[in-house]
Every structure is written in C-alpha cells, then in structure tokens.
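Good morning, everyone. Please bring the structure up on your screens. I'll walk through it piece by piece.

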Amino acid sequence: MSAHTRGQRLRWLMRLVAWLPLPIASALGALLGDLITRVPLRFASAYRTVLINLIATQPQLSLDEARRIGRQSLRELGRSFCEFAHVWQRPVEQTLARITSIEGEQAYLDACAEERPVLLLSLHQGSWETINLYLGRQGNTTVMYQPHPATLVDALVKKARERTGCRLVPTNSQGVKEGLATLRGNGTLALLADHNPGNRSNPFVPFFGHEVPTPALVDKLVRRYRPHIFIVSCYRGEGGVNDVRIHFEPAPELENAADETCVLTTLNRSLETCIRRNLPQYQWTYKRFKWSPGGRRAWYRQSLRLLRRAAHGESRQALGLAPPENGPQP
C-alpha cells in the first residue's frame, strides 16, 4: 500500500471518528486500547512495551500493579487518539470549552508580556494536543513537531494545529532556525521534550535512573537565550473528556542551570515529576529507553521473554531492568 493510500485511509478514519459524539469516540478508543491488553501477550507488542517501561521506571510497582496501570495507560491512549480527531476537525471553541482549569496561567501570561523569550517544554501525556490550540491565542508562538510520514495526514494535522495562530515547524535544521528566530524576537517556542532525538550525538542523561539520549537542543536554547521556562502538561480530570486541565509550571532551576549536564538532568527530572503525577495518562508505548551509552538495549526485542521471567518472580536486577546501582541518579 502506498503512502498516499495510507494517508487517505487515515484521513477518512479521522473524519469518521470526529463525526461521532466525543463521549462515544472516547469510549470507543478506550475499548480498543483495552482489547490490546486482552489478547495473548505474544501478539500484544504495544502492551509489552508499556509493561517493560513501567517495570523499569517504577520500582515501587509489583508486576500485577504494572499490569493494572498498563491496561489503564492503553485505555487512556485510545481515548487520546480518538479525542485528537475531534481536536483537529471540530470547531476550536468546542475544544477550548473542555478546558476546566489552567494552573499557572497568569505566570505564563505575565512572562509572555515581558521583553524576554519564553520556552515551553511539554510531553506526551493526557490531552496534550489541546495545548496547541490554547497557545495559538497568545501570539508569536512557534511549535516544533515531528511531521507524520503520511503527507495527507500531516497536512491535515498541521493545518488544524495552526488554526488559532500557532506556527508549526518541523524538527529539522530549517525548523530549528525558525525556532531560534522566534526566541530572538522574544516570542514563545514550544516543543515536546520527551522524544528520542534522532541525532546520535545527543548526550545521555538519566531518566528514571536509566541513561537515555536527551535533546541537546534544549540546552542550547536555555543557555543561549535564557528564556522564561515552563514545563507544560495536560491531563484529563475526573470529569473525563470534558475536564481537561493544563499546568504551566515555572522552572527557575532550569532557567539558571549552568551547564549542559545540569540543564538536561533538570529537564528529565521535571518530566519525571509530571509523569509520576498521573502514570496512566503517559504514553508508555514510546520506546524511550531503546538506546544506552553502550548501544541498543535488548528490552523491547526480548520483551516477551523478560516478562515471562518477571512472572516467575525474577527481580528487576536479574532481568537487567533496574537502574545501574553505581550509575548517576535522576
């Protein structure tokens, strides 16, 4: 199947989901996410990835607890994907009306009013797509993103995200230039900071105790422009799809960090805090721990065997999923 054909099918699927009432679309997504966890583990690669990530990063969880949270996580991920079709294709005001609280909003608005750039660092958690539409209302905001491989879908999503005034730029050299220009002009630059950076020259920094490649771009932006920095997260509250909560958390320790190691270590600690606040709504299907300083980790390729050993009572240390005892701590 060609990329064009795949793009057309995905576009029509998104339109179909957007046509459904949001509670029904969200429930459908949760059901599909739950079904993934009910098939034999051999065939549920996404669920295996979630379990490996939870076991490796949350030492307080038993395997049964990791399974429970893993099921919740895939249900939440299914909800997110179906909700995003609404965010991208329904009227903007419908989406913004679902935001019930914005913690730290005044501090963010005050920072935007100053003659100093603003850097927003976010992550794949909860209703994170909603943030784009809110940010566009504040003016001179550039958002860096990874283009979708299907051109038709990418064009649709980009156009939808820019409806309120954000300017989206890809995470390539040209996009970086545009992002730098935004900061030079005392504008706002936003990016998702929990990606695996593509360039292998990025430094390895602890994340939940495991060293992972961490985007050096963040360090360059922080130390070159000394912007106001906010860690931005977005969750679904107890009210579900109509209870979206955005958090702008000032990061003075990150703003004042003196060197690359301090900047990126503080960044990862901040992301950990957001994730721990609501474990099930983080996108644990992402293979964030694929690379180590010594090369590719075998966690995901050997996930079925590792999980079977865990079910027989083997410890995280025996499985190679525990952080190095003598390594740097997050």
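Let's begin with the sheet. It is open and has seven strands, in the order E1-E9-E8-E2-E5-E3-E4, and the pairing is mixed. Look at the two edges. Strand E1, residues 99-103, and strand E4, residues 167-170, each have a single partner strand, so one side of each is left without a neighbour in the sheet. On average, neighbouring strands here are turned by 20° against each other, ignoring direction. One caution before I go on: this is a predicted model.

Now the middle of the sheet. Strand E2, residues 118-122, runs parallel to strand E8, residues 228-236, and five bridges join them.

Tyr-235 is found in strand E8. Is Tyr-235 buried or exposed? Its relative accessibility is 5%, and the cut-off for buried is under 20%, so Tyr-235 counts as buried.

Gly-126 leads us to the cavities. There are two of 30 Å³ or more. The largest cavity holds about 60 Å³ of space. Thirteen is the count to remember here: 13 residues line that cavity, and closest to its centre are Leu-77, Ser-80, Gly-126, Gln-281 and Gln-283.

H4 comes back in the largest pocket. That pocket has a volume of about 1,200 Å³. Its lining comprises 42 residues, and nearest the centre lie Phe-81, Phe-84, Trp-88, Trp-128 and Arg-161. Several elements each supply at least two lining residues, namely H1 (3-19), H2 (22-36), H4, E2, H7 (130-136), E3, H8 (151-161) and E5. H4 gives the most, with eight residues.

Start with H2. Gly-33 lies in this helix. At 4% relative accessibility, Gly-33 counts as buried. Leaving out neighbours within four places in sequence, Gly-33 is in contact with Leu-74 and Arg-75. From Gly-33 to Arg-71 is 38 residues in sequence and 7.7 Å in space, C-alpha to C-alpha.

Next, H8. Its buried residues are Val-153, Asp-154, Leu-156, Val-157, Ala-160 and Arg-161. Seen down the axis of H8, they fall within an arc of 165°, so they line one face of the helix. Why does such spacing work? An α-helix has 3.6 residues a turn, so residues three or four places apart point the same way. Turned away from the buried side of H8 are the exposed residues Thr-151 and Lys-159.

Helix H13, residues 303-311, can be read in this way too. Buried there are Ser-303, Leu-304, Leu-306, Leu-307 and Ala-310. Down the axis of H13, these residues fall within an arc of 165°, so they line one face of the helix. What covers them? The cover includes helix H3 (45-57), helix H4 (63-89) and helix H14 (316-319). Just after H13 comes Gly-313, with a positive phi of about 95°.

Last stop: a hairpin. Strands E6 (204-207) and E7 (210-213) run antiparallel, joined by four bridges. Val-205 has Val-212 in E7 as its bridge partner. Two residues lie between the strands, and Phe-208 in the turn has a positive phi of about 50°.

That's the tour. Over to you.

Technical notes. Residues numbered from 1 in each chain as written. Predicted model: local features only at pLDDT ≥ 70, side-chain atom pairs only at ≥ 80, totals over all residues. Heavy atoms only, no water. Pairing = 2+ DSSP bridges. Axes fitted to C-alpha atoms, helices over the stretch in contact; angles between N-to-C directions. Buried < 20%, exposed > 50% of the residue type's maximum accessible area, 1.4 Å probe, protein only. Arc of directions from axis to C-beta. Contact = heavy atoms within 4.5 Å. 1 Å grid on protein atoms, 1.4 Å probe; cavity = no way out; pocket = protein on both sides within 12 Å on 5 of 7 lines; lining within 4 Å. Points joined across faces, edges and corners; volume = space filled by probe spheres on them.
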